[in-house]
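Subject: Structure for your records, with notes

Dear colleague,

I am passing on the structure below, and my notes on it follow directly after. Please read them alongside the coordinates.

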Amino acid sequence: MRKTEIQRFTSWLGKRSYKARLERLGLERLQEIARENGKKGWRPKGSGKKKGGE
């Protein structure tokens, strides 16, 4: 697989995941969760963001 193919696939997975959460929880709940996370100043575990310059 080429890098662009992998990027397209992971993008598709993310969109699929978002669509599933949207159907399950609804837009209002997703927005509420995003606001709560923004107030805490953190991202959920597994977001891919590294700490400490790793």
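Predicted model: local features only at pLDDT ≥ 70, side-chain atom pairs only at ≥ 80, totals over all residues.

Residues are numbered from 1 along each chain as its sequence is written, and side-chain values use heavy atoms, with hydrogens and water left out.

The protein contains two helices and zero strands, where helices (H or I, at least four residues) and strands (E, at least two) are DSSP runs numbered from the N terminus. Of its 54 residues, 4% count as buried, buried being under 20% relative accessible area, exposed over 50% and partly exposed in between, with a 1.4 Å probe and protein chains only. The accessible surface comes to about 5,400 Å², and carbon and sulfur atoms account for 52% of that; these areas come from the Shrake-Rupley method with a 1.4 Å probe, and for residues only the protein chains shown count as cover.

Helix H1 covers residues 3-25, and its end C-alpha atoms lie 33 Å apart, which agrees with the 33 Å that its 23 residues should span at 1.5 Å a residue; the expected span is 1.5 Å times one less than the number of residues. Just after H1, Gly-26 takes a positive phi of about 90°.

The salt bridges (a side-chain nitrogen of Lys or Arg within 4 Å of a carboxyl oxygen of Asp or Glu) number two. Arg-29 pairs with Glu-32, with the closest N and O atoms 3.1 Å apart, and with Glu-36 at 3.7 Å, N to O, so that Arg-29, Glu-32 and Glu-36 are linked in a network. Arg-29 and Glu-32 both lie in helix H2 (residues 27-40), three residues apart, about one turn of the helix. In an α-helix there are 3.6 residues a turn, so residues three or four places apart point the same way. Relative accessibility is 33% for Arg-29, 34% for Glu-32 and 32% for Glu-36, and each of these values counts as partly exposed.

Finally, Met-1, Ile-6, Phe-9, Trp-12 and Leu-13 form a nonpolar surface patch with about 550 Å² of accessible area together. Patches are made of residues with over 30% relative accessible area and no salt bridge, like charges being joined within 9 Å and nonpolar side chains (Val, Leu, Ile, Met, Phe, Trp, Tyr) within 5 Å. Leu-13, which lies in helix H1, is partly exposed at 34% relative accessibility.
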